[in-house]
Amino acid sequence: PALVFWCGMQKKNYASFPDLPLPNTEYRLYRWRWLILIALLLLNLSSGMMFLTYSPIPNYTAVFYGVPESYVNGFSITYSATTFFIGLISIIILDTCGLRISLYFGASCNLIGAVIRWISTIPPVLCSHDYQRSGYMVAMIGQTITAFAQPFLLFAPTKLASFWFGPKERAFCTSITSIGNPVGIAIAYLLSPHIVESNGLPTLLWIYAIPAAVALLLTIIAFRKSKPDTPPAPSANVEDDSVLGFLHGLRQILGNCSFWGLMLVWGIAAGLFNAMITILPQMLCSYGYSDTDTGLWVTIMIFSGVAGAIIVSIVLGYTKKYKEVGVITLGLSVLCFIWFSQVSRLYDQSVNVLLSLCVFGFFALPLVPVCMELGVEITYPVGEAISSGLLWSSVQVFAVIFIALSTAYESPLSQDLISISKCSHDPVQHASYCNTSIIDIIEYTPQDMTNVVYLYMALIVMAFLYMVVLFKPSYKRVESDKKGEVRIKQGLLSSASKAHL
């Protein structure tokens, strides 16, 4: 609250209107914006690595900390829940304090939490009492602090795009900075199984702290100010804290039926994606696929999605067909998820599982720039942080629900599948870390996730049908830019006529 009050005192009052450019305003794009983009990209990448550090290695993590396997999902649930509860505060700080201070705070939390997670592996902490449970609690505290950073980082791309980039670059900026988070997840899935097998969990956690430190340093260098002196476009003139104000803007959004529909569609789609990548190793190990295999497949899936998101962002920059592109990408994602749900339940189908995940990622991740930009369009001139913040908050709510449902609807694995399952893990090397008897180790019991997958399938189909039939957006920011350009041209023609006379 003190930070919000201080930032509010620094603000100036502007009498501007959402559909009119400021008088005598010139528009300019700064080269510095690309360094700012890289800084936010690296921040989101590091945040993604923190988010799913433990999910690719659930058996190892459970054994290392001496907790049941279900506790490992707690790291992801804590991240999502914290992001949701901190979300409203981060929206207010982004709108009142601006990008610079908000990202300084987020980057600092990201690094501090990473260091605390590593401290949880130090023997005096890890092995103090109750067989390593103290280490788990310290790791959870560090995970919670890193989660404080996520809303500041996830909610910033649309504001950065609006303040620093031109109309044709906004979708690209939002896409690149937003997909940093799933790219970080992909890196975690790829590196975590390999590093822990060769060097152990302590090494993994301090390695993951390095990108957090680099991101903080680059953020301090890049974000010298929250917005440029000269705006890049007419719509960038709108001061979201003075035109509507935060509370007024929030009321505007909550009364916007189109935005509620977008929150439903986006929340289900992205929440399902987050839940799926959280439980995917537990899902696939039951059918004979190792954590290393799953980590490689998820990495390929996400990088395939990055390629799709870049292509879609370029298309959006020129066409502005947000709903149409969204319907196509979500529809194809649904088909690919149905494909995956069938082949993932079969033994020795590695190629089919990989292909289904790869194509699913290619069409699913482009929904990030589509929905983020669509949220800004249908709520303009409300501040970008409010719309993107509420959208990401809906994702966290659905992700927590879906992960909880996965535990509720899982069932014991049949004897035939237990014989091929790769969910078990040799606990000897981990038990020796604290000189603890292997008898004390809590073994992981593999589960059948078939019912969970079918539930997810039904929900994503419902979201797609809603977007096709009932979702009817209006592109307010596009219209504002068009009106501003027309007025500027009229002003130039008028000035030229006077000079001629």
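These legends accompany several close-up views of a predicted model. Local features are given where pLDDT is at least 70, side-chain atom pairs count at pLDDT 80 or more, and totals for chains, interfaces and linings use all residues. Residues are numbered from 1 along each chain as its sequence is written, and side-chain values use heavy atoms, with hydrogens and water left out.

**View 1. Helices α6 and α7, both mostly covered.**
Helices here are DSSP runs (H or I, at least four residues) numbered from the N terminus. Start with α6, residues 133–154: its 22 residues reach 31 Å from first C-alpha to last, close to the expected 32 Å (1.5 Å times one less than the number of residues). Of these residues, 16 are buried, meaning under 20% relative accessible area with a 1.4 Å probe and protein chains only.

**View 2. The largest cavity, with a volume of about 260 Å³.**
A cavity is a set of points on a 1 Å grid over the protein atoms alone where a 1.4 Å probe fits but cannot get out; lining residues have an atom within 4 Å of a point. Points are joined across faces, edges and corners, and the volume is the space filled by probe spheres set on them. The model has 2 cavities of 30 Å³ or more. Look for W266, A270, F273, N274 and L365, which lie nearest the centre of the largest one among its 23 lining residues. Helix α12 (257–285) gives the largest share of that lining, 6 residues, while α6 is one of the helices supplying at least two. The lining has 17 nonpolar, 6 polar and no charged residues (nonpolar: Ala, Val, Leu, Ile, Met, Phe, Trp, Tyr, Cys and Pro; charged: Asp, Glu, Lys and Arg; polar: the others, Gly among them).

**View 3. W266 in the largest nonpolar core.**
A nonpolar core is a set of buried Ala, Val, Leu, Ile, Met, Phe, Trp, Tyr and Cys residues joined through side-chain atoms within 4.5 Å. The largest has 135 residues, and Y65, L201, W266 and F337 have the most contacts inside it. Its largest share, 17 residues, comes from α12. Leaving out residues up to four places away in sequence, W266 touches G271, L367, V368, C371, M372, L391, W392, S394 and V395 (heavy atoms within 4.5 Å). A second, separate core of 5 residues includes I86, I93, C97 and I101.

**View 4. K320, a loop residue with positive phi.**
K320 sits in the loop between α13 (291–319) and α14, and its phi is near 60°. K320 is buried, with a relative accessible area of 18%.

Technical notes:
Buried < 20%, exposed > 50% of the residue type's maximum accessible area, 1.4 Å probe, protein only. 1 Å grid on protein atoms, 1.4 Å probe; cavity = no way out; pocket = protein on both sides within 12 Å on 5 of 7 lines; lining within 4 Å.
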